[in-house]
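Trainee: I would like to go through this model with you. Shall we begin with the terms and then take the parts in turn?

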Amino acid sequence: MATTDGLEDIVAAHSSICELDGKQGRLLYYGVDIHDLARYSSFEETAYLLWHGVLPTRVQLEDFTYQLQANRALPPAIMHLMQLMPKTATPMDVLRTSVSALSSFDPDAGDNTRAANVRRSIRLTALFPTIVAAWDRIRNGKEPVEPLAGENHATNFLYMLNGEMPDAYNAHVLDTALILHADHELNASTFAARVTAATLASMYAAITSAIGALSGALHGGANEQVIRMLMKIGEVDKAEAYIVGALERKERIMGFGHRVYRTDDPRATHLRQMSEELGKRTGDSRWYEMSRIVEASVKEHKGLYANVDFYSASVYYMLGVPIDLDTPIFACSRISGWTAHVLEQFGNNRLIRPRAEYVGPKDVKYVPLEERE
Ligand SMILES: CC(C)(COP(=O)(O)OP(=O)(O)OC[C@H]1O[C@@H](n2cnc3c(N)ncnc32)[C@H](O)[C@@H]1OP(=O)(O)O)[C@@H](O)C(=O)NCCC(=O)NCCS
């Protein structure tokens, strides 16, 4: 039996959603290059592409955008549930718990047709930003802000978070970040979602699994750790020495390395540019400049490239997003990819059940309890 710890390079599904070439640094959703999506598309259009396999017509996009906007309000019981949670609860835990609880308020309960699961995908994608923004306000003793009816996903999120309309450029930056994070083939959280869906558990169960998997520092949790590291470094001219020291101590530098990419992560290209531009606009280029030195040092001393989480950290920080919302924002985007994969899994399902190579003790005699020492 071939054994690969971490399932490295194991192909575990046929999928039409995301093509990922780690050697060339190419990423495509249903054949459309991520660079084109980042430059010309919107999160709404990208989510439609992931669920339907083609870019929408103008009419389809308008209808789809309307459906997302119409599903932004949380059931009051979920808002109440959040109010009962300790203010110290991490936003990812609150998101996971709220999504799990949402399954009990499903208007399509008992219906596992594709149409019902597309409606669930829309509802979940519409609700993620409402949950994340509401939790940030609740934990800070503020009233949650009602979602806007007529704005795009990114604008509405920043509005609900801060209680005021965001700067148009900031909303555009967040929209682009949401496009870049929307899907990434069989990453750990998407795999978790598909494994759960493959047992014919519900969409909610699958997404709850995915949120749990995303929260870890080796996956979506890395972006939060990146900004914490930049804060620890503090000054541009301390960055290189910090990285050299951390690598000598055999520490992992968050935001670097990838299981699949052996070259530049194409998503990092756009995030790097936005980090630079935000530095100019805010008049504080420290985070971008520090990031550039960290990137060069990790490349020089360890040969690793920045991944999607590295520059998203300084981008979100300069957008004024609280640090521990970095990973929930990742989730607000990746919910589109998770649900696309669950739809695909349900469409051609087989239980996912790999094997383990047994390396434990053999032929151990059962000793009765009273004879054990
Ligand atoms: C993403 C990640 C988990 C992929 O890991 P992987 O494919 O399992 O690779 P491994 O953990 O086996 O690491 C292989 C080697 O690279 C090193 N390495 C990998 N990522 C590293 C990092 N970020 N910093 C320092 N060293 C790293 C490992 O220490 C190991 O070195 P060794 O062979 O000298 O022991 C890993 O690169 C990582 O931990 N990155 C930081 C977390 C992160 O940014 N996650 C978000 C990914 S999008």
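Mentor: Helices (H or I, at least four residues) and strands (E, at least two) are DSSP runs, numbered from the N terminus. The model is predicted: local features need pLDDT of at least 70, side-chain atom pairs count only at pLDDT 80 or more, and totals for chains, interfaces and linings use all residues. Residues are numbered from 1 along each chain as its sequence is written.

Trainee: Which residue follows α14, and what is its phi?
Mentor: Look just past the end of α14. Gly303 follows the helix, and its phi is positive, near 70°.

Trainee: What distance separates the end C-alpha atoms of α14?
Mentor: Helix α14 covers residues 286-302, which is 17 residues. The expected span is 1.5 Å times one less than the number of residues.

Trainee: Within what arc do the buried residues of α14 fall?
Mentor: A residue is buried if 20 or more other C-beta atoms lie within 10 Å of its own, exposed if 12 or fewer, and partly exposed in between; C-beta atoms are placed from the backbone. In α14 the buried residues are Trp287, Tyr288, Met290, Ser291, Val294, Glu295 and Val298. Viewed down the axis of α14, they line one face of the helix, because the directions from the helix axis to their C-beta atoms fall within an arc of 160°.

Trainee: Why can residues three or four places apart point the same way?
Mentor: It is a matter of helix geometry. They do so because an α-helix has 3.6 residues a turn.

Trainee: Which helices are included in the cover over the buried residues of α14?
Mentor: Contact here means C-beta atoms, placed from the backbone, within 7 Å. By that test the cover of α14 includes α11 (222-233), α12 (239-248), α13 (266-282) and α15 (308-318).

Trainee: How many residues of α15 are buried?
Mentor: Among those buried are Val308, Asp309, Phe310 and Tyr311. The cover over α15 includes α8, α11, α13, α14 and α16. The helix is largely enclosed by the rest of the structure, because the buried count is 11 of the 11 residues.

Trainee: Which residue just after α15 has a positive phi?
Mentor: The value is about 85°. The residue is Gly320.

Trainee: What distance separates the centres of domain 1 and domain 2?
Mentor: Domain bounds come from an automatic or database domain assignment. That assignment gives domain 1 as 18-218 + 324-347 and domain 2 as 222-318. Taken over C-alpha atoms, their centres are separated by 25 Å.

Trainee: Which element gives the largest share of the side of domain 1 that touches domain 2?
Mentor: The contact takes 22 residues from domain 1 and 24 residues from domain 2. On the domain 1 side, the elements giving two or more residues are β2 (26-29), α1 (34-40), α8 (168-181) and α16 (326-347). The largest share is 6 residues, and it comes from α8.

Trainee: How do the residues on that side of domain 1 divide by class?
Mentor: Ala, Val, Leu, Ile, Met, Phe, Trp, Tyr, Cys and Pro count as nonpolar, Asp, Glu, Lys and Arg as charged, and the others, Gly among them, as polar. The side of domain 1 that touches domain 2 has 12 nonpolar, 6 polar and 4 charged.

Trainee: Is Ala213 buried or exposed?
Mentor: Ala213 lies in helix α10. Leaving out residues up to four places away in sequence, Ala213 touches Ala188, Ser189, Ala192 and His219. With 20 C-beta neighbours inside 10 Å, Ala213 counts as buried.

Trainee: What is the phi of Leu7?
Mentor: Most residues other than glycine have a negative phi. Leu7 is in the segment before β1 (18-21). Leu7 is not a glycine, yet its phi is positive, about 55°.

Trainee: Is Asp363 buried or exposed?
Mentor: Asp363 sits in the segment after α16. Its phi is also positive, near 50°. With 4 C-beta neighbours inside 10 Å, Asp363 counts as exposed.

Definitions and conventions:
Contact = placed C-beta atoms within 7 Å.
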